[in-house]
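Here is a walk through one protein chain. Follow the backbone and keep an eye on side-chain pairs.

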Amino acid sequence: LQVEHPVTEGITGLNLPALQLLTAMGCDLRSVDRARDFLVEAYATDGEGAAYDPFARVGAKHTMAARITAENTADGWKPTVGAIANISFQPLPNVWGYFS
C-alpha cells in the first residue's frame with residue numbers, strides 16, 4: 001500500500017486498507033458491494049465491445065496528495081530532520097485534508 005493511497009481512495013471511493021485486510025482474511029471481494037460494483041464497471045463493455053471506463057462516472061472529482069520531506073544536500077541528499085517554521089494552506093469549500 002503506497003502512501004498515496006488516499007488519492008486512489010478519493011477517486012474510486014474504495015477503502016484500500018480495508019480491502020487488503022479482507023483479501024488477507026480470504027474474503028471474496030465480490031461480497032463487498034462497492035468493490036464488486038467497481039470491478040463490474042471496470043471490466044464491462046458498452047455492448048459493442050468497447051471497454052467501459054469506470055472512472056467516467058466519477059465526474060469532476062480531483063484528489064491530490066503531497067509529502068513534505070527534508071534532505072541534506074551536503075550529505076548526499078540523506079534524509080534529515082528539522083522544524084517547519086511556517087506553513088499555510090488555503091481551505092476551500094468541499095476540500096478535505098489531513099496531516100499524518
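Start just after helix H1, where Gly13 takes a positive phi of about 80°. The model is predicted, and every value here is computed from it. Just after H2, Gly26 has a positive phi of about 85°. Trp77 also has a positive phi, about 65°, although this residue is not a glycine. Trp77 sits in the loop between strand E1 (71-72) and strand E2 (78-79). Its relative accessible area is 56%, so Trp77 counts as exposed.

Now the overall layout. The protein chain has three helices and two strands. Read from the N terminus, the order is α-α-α-β-β. The chain has 100 residues, and 12% of them are buried. Take the contacts between residues at least 6 apart in sequence: 27% of these join residues at least 24 apart. The accessible surface is about 8,500 Å². Carbon and sulfur atoms account for 58% of that surface.

Go back to helix H1, which covers residues 5-12. Its buried residues are His5, Pro6, Glu9, Gly10 and Thr12. What does its side chain reach? The side chain of Glu9 comes to 2.9 Å from the backbone nitrogen of Leu16. Beyond its neighbours within four places in sequence, Glu9 is in contact with Leu14, Asn15, Leu16 and Pro17. Asn15 caps the N-terminal end of H2. A side-chain oxygen of Asn15 lies 3.1 Å from the backbone nitrogen of Ala18.

In soluble globular proteins, nonpolar side chains tend to be buried together. Here the largest nonpolar core holds five residues: Leu14, Leu16, Leu19, Ala35 and Phe38. Which elements give two or more residues to this core? They are helix H2 (16-24) and helix H3 (33-42). Side chains of opposite charge can pair when their charged atoms come close. How many salt bridges does a search of the whole structure find? The search finds four. One joins the side chains of Asp28 and Arg30, at 2.7 Å from N to O. Asp28 is partly exposed, at 37% relative accessibility. Arg30 is exposed, with a relative accessible area of 59%.

Another salt bridge joins Arg36 and Asp33, at 3.0 Å from N to O. These two residues are three apart in helix H3, so about one helical turn separates them. An α-helix has 3.6 residues a turn, so residues three or four places apart point the same way. Arg36 is partly exposed at 31% relative accessibility. Asp33 is partly exposed too, at 48%. The pairing extends to one further residue: Asp33, Arg36 and Asp37 are linked in a network of salt bridges.

Lys78 and Asp75 form a salt bridge as well, with their closest N and O atoms 4.0 Å apart. The cut-off for a salt bridge is within 4 Å. Lys78 is partly exposed, at 47% relative accessibility. Asp75 is partly exposed, at 37%.

End on the surface. Where does Ile68 lie? Ile68 lies in the loop between H3 and E1. Buried or exposed, which is Ile68? Its relative accessible area is 58%, so Ile68 is exposed. Setting aside residues up to four places away in sequence, Ile68 touches Ile84 and Ile87. Ile68 and Ile84 are 16 residues apart in sequence. In space, their C-alpha atoms are 9.6 Å apart. Together, Ile68, Ile84, Ile87 and Phe89 form a nonpolar patch on the surface. The accessible area of this patch is about 420 Å².

Conventions:
Residues numbered from 1 in each chain as written. Predicted model: local features only at pLDDT ≥ 70, side-chain atom pairs only at ≥ 80, totals over all residues. Heavy atoms only, no water. Core = buried A, V, L, I, M, F, W, Y, C linked by side-chain atoms within 4.5 Å. Buried < 20%, exposed > 50% of the residue type's maximum accessible area, 1.4 Å probe, protein only. Helix = DSSP H or I, 4+ residues; strand = E, 2+ residues; numbered from the N terminus. Contact = heavy atoms within 4.5 Å. Areas by Shrake-Rupley, 256 points an atom, 1.4 Å probe, with all protein chains shown as cover. Patch = residues over 30% accessible without salt bridge, like charges linked within 9 Å, V, L, I, M, F, W, Y side chains within 5 Å. Polar contact = N/O pair within 3.5 Å; in protein donor to acceptor, adjacent residues only side chain to side chain.
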